[in-house]
Amino acid sequence: MQAWQVHENGEPSEVMRLEEVERPTPGDGQVLLKVRAANINFPDVLMCRGHYQVRPPLPFTPGVEICGETEDGRRVIANPVLPHGGFAEYAVADAAALLPAPDALDDAETAALHIGYQTGWFGLHRRAALQAGETLLVHAAAGGVGSAAVQLGKAAGATVIGVVGGADKAAVARELGCDVVVDRRAEDVVGAVKEATGGRGADVVYDPVGGEAYTQSAKVVAFEGRIVVVGFASGTIPSPALNHALVKNYSILGLHWGLYATKNPKLILDCHQQLTELAAKGAIKPLVSERVPLSGAAAAVQRLGDGVTTGRVTVVPTGAAA
């Protein structure tokens with residue numbers, strides 16, 4: 001079968017190689033899945049660079065989120081077990097962790113439903129307890145993680161402010177349903193958010209960016225607001241001033257969604273059921289901006305790493321339905 005292999009760490013476009021390899025052999029409790037679609041996530045970029053908290057042995061195949069097909073023809077959502085990731089024709093996954101694919105979504109959309117939407121749901125509901133009528137601020141609102149949070153925020157009845165970088169991404173954020181869109185390249189984010197909220201600020205801030213975005217978050221979070229720290233796509237990990245959190249009376253909440261798989265896996269199943277119901281109602285639908293063939297995976301991972309993509313970019317192996 002064909003699979004992308006990383007033999008050394010570096011930029012994805014330089015270290016990912018499409019090779020002919022043997023199909024992986026499932027271990028105890030594992031299944032072999034035909035990859036129908038594989039969603040590209042920022043951890044794939046970080047793993048190529050050797051900067052992720054999980055460092056699979058070299059060589060490995062990236063791709064942490066797929067829509068796969070079981071031997072009996074069922075469509076499922078899976079997180080492949082590395083080093084046999086999803087940017088390949090076949091991948092291996094834990095049988096107990098498979099989730100049924102929603103009928104309302106096609107393969108590419110299904111591949112993009114799991115990590116980003118589960119992270120958004122846990123961040124907004126489990127961690128921040130977002131309420132209808134509150135204001136939600138989403139950084140990188142046109143990106144894969146941010147777009148999921150925007151849709152989930154709207155589904156929860158929140159007023160959503162999306163921060164983006166550039167006019168094209170601003171247009172995407174509006175299409176996603178943002179009530180207010182702030183282009184950080186053309187506007188002062190802090191001033192724009194305060195103006196949009198009558199000076200009150202945002203009740204919940206969803207931040208997958210870090211760096212300057214976090215600094216802005218601390219300036220615009222409302223009284224008793226909650227900042228959800230999801231990741232550091234900017235490459236800069238902020239150092240929060242805890243005295244500032246004290247005097248403004250807001251909370252800083254960390255979210256590591258992957259921990260729930262070991263700490264409380266039932267919550268992942270409950271969340272998937274809610275996401276499936278929301279998809280069936282049309283309240284959420286992954287924004288798949290690109291569907292690339294397997295041969296285009298390395299370039300697509302690089303584009304995500306360079307921050308020039310919107311929504312989700314999904315790899316669809318040759319011969320698989322999209």
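In the predicted model described here, helix 4 (residues 114-127) packs with helix 5 (residues 144-155) at an angle of about 50°, their axes lying 8 Å apart. That angle makes helix 4 oblique to helix 5, where angles under 35 degrees count as roughly parallel, over 145 as roughly antiparallel, 65 to 115 as roughly perpendicular and the rest as oblique. Axes are lines fitted to C-alpha atoms, for helices over the stretch in contact, and angles run from 0 to 180 degrees between N-to-C directions; helices (H or I, at least four residues) and strands (E, at least two) are DSSP runs numbered from the N terminus. The crossing of helix 4 and helix 5 is right-handed, that is, the near helix is turned clockwise from the far one by less than a right angle. On the side of helix 4, G116, Y117, G120, W121 and L124 meet A148, A149, Q151, L152 and G153 of helix 5, contact being defined as heavy atoms within 4.5 Å. The residues of this contact divide into six nonpolar, four polar and no charged, with Ala, Val, Leu, Ile, Met, Phe, Trp, Tyr, Cys and Pro counted as nonpolar, Asp, Glu, Lys and Arg as charged, and the others, Gly among them, as polar.

Residues are numbered from 1 along each chain as its sequence is written. For this predicted model, local features need pLDDT of at least 70 and side-chain atom pairs count only at pLDDT 80 or more, while totals for chains, interfaces and linings use all residues, and side-chain values use heavy atoms, with hydrogens and water left out.

The contact is made by F42, D44, V45 and R49 of helix 2 together with V301, L304 and G305 of helix 12, and its residues divide into four nonpolar, one polar and two charged.

An open sheet of six strands has the order 10-9-8-11-12-13, with parallel pairing, two strands being taken as paired if DSSP finds at least two bridges between them. Strand 10 (180-183) and strand 13 (251-254) stand at the edges with a single partner strand each, so one side of each is left without a neighbour in the sheet. The twist from one strand to the next averages 20°. Within this sheet, strand 8 (residues 135-139) and strand 11 (residues 202-207) pair in the parallel sense over three bridges, and L137 has V205 of strand 11 as its bridge partner. Helix 5 packs on the sheet, where helix 5 touches strand 8, strand 9 (159-164) and strand 11, and its direction makes about 170° with that of strand 8. Helix 6 (residues 167-176) also packs on the sheet, touching strand 9 and strand 10, with a direction at about 165° to that of strand 10.

A173 lies in helix 6 and is buried, with a relative accessible area of 0%; buried means under 20% relative accessible area, exposed over 50%, and partly exposed in between (1.4 Å probe, protein chains only). Apart from neighbours within four places in sequence, A173 is in contact with A141, V164, C178 and V181. In helix 8 (residues 212-220), the buried residues are A213, Y214, Q216, S217, A218 and V220, and these pack against strand 8, helix 7 (189-196), strand 11, strand 12 (221-229), helix 9 (242-248) and strand 13.

Five of the five residues of strand 15 (residues 312-316) are buried, so this strand is largely enclosed by the rest of the structure. R312, T314 and V316 point one way from strand 15, whereas V313 and V315 point the other way. Strand 15 runs antiparallel to strand 3 (residues 30-39), to which two bridges join it, and N39 has T314 as its bridge partner. Strand 14 (residues 288-293) pairs with strand 15 in the parallel sense over five bridges, with P293 opposite V316.

Most residues other than glycine have a negative phi, and most peptide bonds are trans. The peptide bond from L58 to P59, however, is cis, with omega near -10°, and P59 is placed in the loop between helix 2 and strand 4 (66-69). L82 and P83 are likewise joined by a cis peptide bond, with omega about 20°, and P83 belongs to the loop between strand 5 (75-78) and strand 6 (90-94). A129, in the loop between helix 4 and strand 8, has a positive phi near 50° and is partly exposed, with a relative accessible area of 36%. E224, found in strand 12, has a positive phi of about 60° although it is not a glycine.
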